[in-house]
Amino acid sequence: MRAPRNALGIGLVMLLGAAALLAPRPASACRPYPPPRALSPADKDKAQKLFQEGRALEGEGKLERALARYLASRDILPRKSNTKNAAVCLDKLGRAAEAIPLYEEVLDRFRGELTPEEQKALIDDVRRLRGLVATLHVVDGEGALHVDGKEIGLLPRECPLYLPAGHHTVRVNRRAVLLDHDLPAGESLRIVVGPGQPPPPPARSQGWFAQAFGGPTLGASMDSNAERDSQSVCVDHCPFASGFLAGARGGYITANNVSVELFTGFFSVESTFERTLTRDVPVPDGISTVTYTLSHKLSLRGPFMGPAVGYRLDLGPRLRAVFRGSLGLVAAQSSDPVSGVGRDDRGHASPLIFSGTSTVLRSAPTFLMPEVGIEAKLGGLRVGLSLGYILFLAQGNIFNGRAFDAQAPCPPGGDNGVACAPETIADVSGQGLQTAHGLMQLWVPQLTFGFLP
C-alpha cells in the first residue's frame, strides 16, 4: 500500500563530512539505464558530429556551448566519450553537483571501456567533487521527490542526490518536509522515509559561538545639562558626541536560532562644545556685565559588560538577519577639563583660571542597546554589519567644587569688570551644578567578525 501523503514519517541521521572521506562507488550511479535505441546511420553520424563540435568548442574555452553539444550527442547515443566530456565541462564550470552523476555513470555504465588508470582518475575526481557539495541519501518511502520546488523523480530512489552547498528544501509530494535548512559543503545526510510517523522539525545549526565587534559612537550630545544649555543658543562649537565602542561576545545559539550571550568591551565618547555665562559685576561707576565663554571637553570612557539575547533569521544559504537586545553596565570615568575667557561690556578681557576641573567622576551607569544587522557566511566565519542604538538609563554624577576667576589682577581703580569680579561657580544657568551626562542616546554602526555554527 502506498503511504498517505500527509502521513509520511521521517527518520534523520546526520553524517557530517562523510561524503568527502568515503571513496565513491559505482553502485551509487542511477540504474537501470535506458536500453539502447535502434539508430540509423544518420543518427549515429549526427551524434558523432555534435561530439566533434563539442570538442572544438571546448578547445576554444567555450565550455557552455561545448557542454550543450556533448549533452545533445548523449541524448542521441550515450557513450563514454560524450558522457565523460560533459562531466569535465560541468566540473570546469563549477557545477560539481551536476558533474558527479555523470562521472559516476562513466564508472558504472562504461566500466568495461576504462583502463585502471582512467578508473582511478575518475574516482579521484568524484572524491574531490563530493567535498564541494552536500550529499543526500533518501531511503525508502513512496511518492514524488521535490528539491527546492522542482520534481526530480519518484521514491524509492537508489542513487544519492548531490546538492550545491546552501539552503535547500526537500519534500515528498510537495507536502511532507524532509529537510529545510543549510547544507554545508562535504556534509552527507541520510533520510529514511517510512509510514506512520509525523515529520520532525527542520534541523538547524546550533552550538557555541564567539564574535568580535566594534564601531564609532555618534549622537547629538551626551545629554548633560551643560550641553543642553549650549544647544539652546549656540551657533558655532555646538555639542556633538562621538567616540568608539569595541568588544567581544560569546554564547550559545539554540536550534531555533535564538542566542543567549555575554559581552564585554571598552566604550568611549566625547563632546566638545562652548557655552556662555553672564554676571553683573559692581564697578565704581555702576554695573558691568561680564560674559564668560567656557570651552568644554566632556568625556566618558571605561570597560563594559552585560548579557544579551539575539535571534537570527535565515535569508539564504549564506545570509542571516540578526536582531539583538543587550543590557550593559559601564565602569565609567567622566571628566571635563574646562578652559575659557571672560569679557566685559567695556572692552576688557582676560583668560580664566579654573579650580576643580581636573576631577574625575566614577560611576556605573547602565544602558540598553537594541541592534539589527546582517551576517554573511564565509566558510566557517561570519562577517556582518549592524546598527545599534545605545540608551543610558540614568543621569550621571555631578561635578562639585568647580569655579573660575580671571587671570588678570584687579586694577586699583576697580573699573575692570572681568578682573575685579569675584570667583564664580561654574554652574549651569537655572539648572544647578553640571552633570557628567544625562539619558545619553547614541547610534553605533558596527562591524562584526566571528566563528558561528
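**Figure 1. Overview of the predicted model.** The structure shown is a predicted model, and its protein chain holds eight helices and 22 strands. Of the 453 residues in the protein chain, 44% are buried. Among contacts in the chain with a separation of 6 or more, 72% are between residues 24 or more positions apart.

**Figure 2. Close-up of helices α3 and α4.** Two packed helices are described by the angle between their axes and the distance between the axes. Helix α3, residues 63–76, packs with α4 at an angle of about 150°, and their axes are 9 Å apart. Because angles over 145 degrees count as roughly antiparallel, α3 is roughly antiparallel to α4. The crossing in which α3 passes α4 is left-handed. On the α3 side the contact is made by L63, A66, L67, Y70, L71, S73 and R74, which meet N82, T83, N85, A86, C89, L90 and K92 on the α4 side. Sorted by class, the residues of this contact of α3 with α4 are eight nonpolar, four polar and two charged.

**Figure 3. Close-up of helices α5 and α6.** Helix α5 spans residues 96–109 and helix α6 spans residues 116–130, and the two pack at an angle of about 155° with their axes 10 Å apart. The two helices, α5 and α6, are therefore roughly antiparallel to each other. Their crossing, that of α5 and α6, is left-handed. From α5, the residues A96, A99, I100, Y103, E104, V106 and L107 meet Q119, L122, I123, D125, V126, L129 and R130 from α6. The residues of this contact of α5 with α6 comprise ten nonpolar, one polar and three charged. One of the α5 residues, L107, counts as buried at 2% relative accessibility. The C-alpha atoms of L107 and V126 are separated by 10.0 Å, and these two residues are 19 residues apart along the chain.

**Figure 4. Close-up of helices α4 and α6.** Helix α4, residues 80–92, and helix α6 have axes that come within 13 Å and cross at roughly 35°. The crossing of α4 and α6 is left-handed. K80, K84 and D91 in α4 meet E118, L122, R128 and L129 in α6. By class, the residues of the contact of α4 with α6 are two nonpolar, no polar and five charged. L122 and L129 are also among the α6 residues that meet α5.

Figure 5. E261, the residue of the opening question, lies in strand β11. The side chains of E261 and R324 are joined by a polar contact of 2.8 Å.

Figure 6. D223 has a positive phi of about 65° although it is not a glycine, and D223 lies in the loop between β9 (207–219) and α7 (225–231). N257 likewise has a positive phi, of about 70°, although it is not a glycine, and N257 is found in the loop between β10 (241–253) and β11 (258–283). As for accessibility, D223 is partly exposed, with a relative accessible area of 23%, whereas N257 is buried, with a relative accessible area of 2%.

Methods
Residues are numbered from 1 along each chain as its sequence is written. This is a predicted model: local features need pLDDT of at least 70, side-chain atom pairs count only at pLDDT 80 or more; totals for chains, interfaces and linings use all residues. Side-chain values use heavy atoms; hydrogens and water are left out. Axes are lines fitted to C-alpha atoms, for helices over the stretch in contact, and angles run from 0 to 180 degrees between N-to-C directions. Helices (H or I, at least four residues) and strands (E, at least two) are DSSP runs, numbered from the N terminus. Angles under 35 degrees count as roughly parallel, over 145 as roughly antiparallel, 65 to 115 as roughly perpendicular and the rest as oblique. A crossing is left-handed if the near helix is turned anticlockwise from the far one by less than a right angle, and right-handed if clockwise. Contact means heavy atoms within 4.5 Å. Ala, Val, Leu, Ile, Met, Phe, Trp, Tyr, Cys and Pro count as nonpolar, Asp, Glu, Lys and Arg as charged, and the others, Gly among them, as polar. Buried means under 20% relative accessible area, exposed over 50%, partly exposed in between (1.4 Å probe, protein chains only). A polar contact is a pair of N or O atoms within 3.5 Å; within protein, one must be able to donate a hydrogen and the other to accept it, and residues adjacent in sequence count only if both atoms are side-chain atoms.
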